[in-house]
Amino acid sequence: MAEIAVIGTGYVGLVSGVCFSEIGHTVTCVDNNPSKISSFKAGDAQIYEPGLKELMATNTEAGRLSFTVNVQRAVQDADAVFIGVGTPTKRGDGNADLTYVFTAAAEIAAFLAPDTVVVIKSTVPVGTNRKVFDLIKSVRPELAFTVASNPEFLREGAAIADFKRPDRIVVGAETERARDVMSEIYRPLYLNQSPLVFTGRRTSELTKYAANAFLATKITFINEMADLCEKV
């Protein structure tokens with residue numbers, strides 16, 4: 001089983017971290033908000049997701065799940081570091097604000113061990129994984145590491161079930177090391193016949209936007225149909 005660090009304990013980061021520990025990995029979740037970390041340690045998930053609080057308690061007690069504000073402690077021995085911070089829409093132009101992603105990448109750069117896989121789980125525009133790689137490389141030019149894309153497709157209210165029985169697991173990887181580590185991380189789900197799909201990083205980034213856009217299209221279509229039904 002793998003040693004995993006998860007940077008960011010919002011919805012995506014927290015649910016992913018807890019679920020990774022549930023399938024057997026050792027997970028350390030990191031956040032720069034001490035009060036949030038204290039709440040997690042006390043068993044308060046701070047978000048409502050059916051079953052999440054119980055899984056937090058079970059895996060914390062088993063020693064597979066921990067929470068910290070110490071980035072170095074979480075990252076230095078990790079096989080994979082997942083970045084799951086927010087990418088809010090900018091006011092005005094509507095572009096994704098990648099400040100938190102780049103800040104997280106800069107913070108972990110100093111502590112990464114050789115051959116670590118940095119995994120971007122946040123929803124990011126095409127080409128962001130490459131920018132994260134370049135940023136870390138500028139801080140640690142001697143470091144051998146790789147960056148992979150692994151977008152999430154979790155529905156609020158059904159996130160744990162979606163994680164355990166996904167329609168697909170998309171991984172954008174450019175190196176054999178990244179593919180090997182991600183295969184090992186998701187092996188428990190793959191054994192349950194969850195399809196693990198490897199692509200290039202740019203394809204993986206675009207896949208997330210395609211899925212979001214298709215969902216929005218379906219919702220918009222059925223709302224229009226509902227309006228039509230009301231009229232006729």
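## Aspartate 162 and its partner

Aspartate 162 counts as buried because its relative accessibility is 12%, where buried means under 20% relative accessible area, exposed over 50% and partly exposed in between (1.4 Å probe, protein chains only). Aspartate 162 forms a salt bridge with arginine 155, with the closest N and O atoms 2.8 Å apart; a salt bridge here is a side-chain nitrogen of Lys or Arg within 4 Å of a carboxyl oxygen of Asp or Glu. Arginine 155, by contrast, counts as exposed, since its relative accessibility is 53%.

This is a predicted model, in which local features need pLDDT of at least 70 and side-chain atom pairs count only at pLDDT 80 or more, while totals for chains, interfaces and linings use all residues. Residues are numbered from 1 along each chain as its sequence is written, and side-chain values use heavy atoms, with hydrogens and water left out.

A search of the whole structure finds eight salt bridges. One of them joins lysine 164 to glutamate 22, with the closest N and O atoms 3.9 Å apart. Lysine 164 lies in helix H7 (residues 159–164) and glutamate 22 in helix H1 (residues 11–22), so this pair ties together parts that are 142 residues apart in sequence; helices (H or I, at least four residues) and strands (E, at least two) are DSSP runs, numbered from the N terminus. Both ends count as partly exposed, lysine 164 because its relative accessibility is 26% and glutamate 22 because its value is 28%.

Another salt bridge brings together the side chains of glutamate 152 and lysine 208, at 3.6 Å from N to O. That pair links distant parts of the chain, 56 residues apart, with glutamate 152 in the loop between strand S6 (146–149) and H7, and lysine 208 in helix H9. Glutamate 152 and lysine 208 are both buried.

S7 pairs with strand S8 (residues 196–199) in the parallel sense over four bridges, pairing being assigned if DSSP finds at least two bridges between two strands. Valine 170 has valine 197 of S8 as its bridge partner.

Together with helix H8 (residues 176–190), S7 and S8 make a right-handed β-α-β unit; right-handed means that, with the strands pointing away from the viewer, the path from the first strand over the helix to the second runs clockwise.
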